Amino acid sequence: MDDVYKIIDNICINHTIDRETLATIIDSKDKEILECLSERARYVTRKLFGNKIYIRGLIEFTNYCRNNCYYCGIRRDNCNITRYRLTGEDILLCADTGYELGFRTFVLQGGEDEYYSDEYMCSIISAIKEKHGDCAVTLSIGEKSFETYKKYYDAGADRYLLRHETADEEHYKMLHPDNMSYQNRIRCLYDLKRIGFQTGCGFMVGSYGQNVDTIYKDLKLIMDFKPHMVGIGPFIAQHNTPFADQKNGSVMLTLKLLAIIRLIHPHVLLPATTALQTMDENGHNKGILYGANVIMPNLSPMHARKNYIIYDNKAYLGNEAAESIELLRCNLKKAGYEIAISRGDYNE
Ligand code: 5AD
């Protein structure tokens, strides 16, 4: 028993984890390890962020994508979904609604859709910043050139989310077709940080081909790159993708990894993701008990939510819906947490 606490205290003190410890934690069904991880992660989060949970309004503005990632429901070759695009005006209306509801960060997320030229994207970013000067704009629209990222930044975008998906090059190839590369993904992340974005990476838990070694590399990347945000959630099969028959990722492993990420990189902004909530109706609250401190409710128009199907049964109502923020507030309150009405920037 002492051992368990000692192992986990070591992660807390040194902000690092070795492969053996990671393997022990991943394999363990020991309740004590889980409780200890959760307790320590919660303690660290409370100390740095109090009982505040940051909210981000998610605007899924296009489900067109030029990429063909094997796991993703909006991949180019999926002809079984209805494609849509929101206009700049639509997006601004979502932001207005979000502002009224108390959101001070808007996340513009979409497939890699060349319809949105640099100029168009920049005009959308600056329109939101002009109207809602006290808000942060986060982009999550994939791999671009340094120059394009710089234009977005100069137009006023504050943050950028680009999950690295896996930090193992061979594993990366198992998840993506040949025209995508791990090198370019990482190049993008370093460019974003250099330009000045608060930058987020992340990965799916339980993706095809993932193992202790690849997860160890993911954690190593987090320790080295020191992202401002990390998004992780269980892989969930989408029935019209090459990975339709792969098994879903585990909620428990996701929780363990959330806690470890909190301990190795304490100041990180760490969402309890939609995928976690999709797999478990209490996913948000569980995530928060393991060190998550961000929730990203959906602000997209209903027709968009229904078609932004990156995996099967993706949650977009109740706790996941921006318009039900009172429900979210109530559920968080039961666990002793409050929603912060602020931008919620990274702060070290
Ligand atoms: N299951 C879980 N997460 C997925 N993503 C894409 N497809 C799936 C899936 N089937 C994640 C990827 C991507 C993010 C937007 O959603 O990590 O970066």
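Student: In which sense do strand β5 and β6 pair, and over how many bridges?
Tutor: This is a predicted model, in which local features need pLDDT of at least 70, side-chain atom pairs count only at pLDDT 80 or more, and totals for chains, interfaces and linings use all residues. Residues are numbered from 1 along each chain as its sequence is written, and side-chain values use heavy atoms, leaving out hydrogens and water. Strands pair if DSSP finds at least two bridges between them. Strand β5 (residues 159-161) and β6 pair in the parallel sense, over 3 bridges.

Student: Which residue in β6 is the bridge partner of Arg159?
Tutor: Strands here are DSSP runs (E, at least two residues), numbered from the N terminus. In β6, Arg159 has as its bridge partner Gln198.

Student: Which residue in β7 is the bridge partner of Val205?
Tutor: β6 also joins strand β7 (residues 229-234), running parallel, through 6 bridges. In β7, the partner of Val205 is Pro234.

Student: How many residues of strand β6 are buried?
Tutor: Buried means under 20% relative accessible area (1.4 Å probe, protein chains only). Strand β6 (residues 198-205) is largely enclosed by the rest of the structure, because the buried residues number 8 of the 8.

Student: At what angle do helix α9 and helix α10 pack?
Tutor: Helices are DSSP runs (H or I, at least four residues). Axes are lines fitted to C-alpha atoms over the stretch in contact, and angles run from 0 to 180 degrees between N-to-C directions. The axes of α9 (residues 212-225) and α10 (residues 251-264) lie 10 Å apart, and the packing angle is about 30°.

Definitions and conventions:
Buried < 20%, exposed > 50% of the residue type's maximum accessible area, 1.4 Å probe, protein only.
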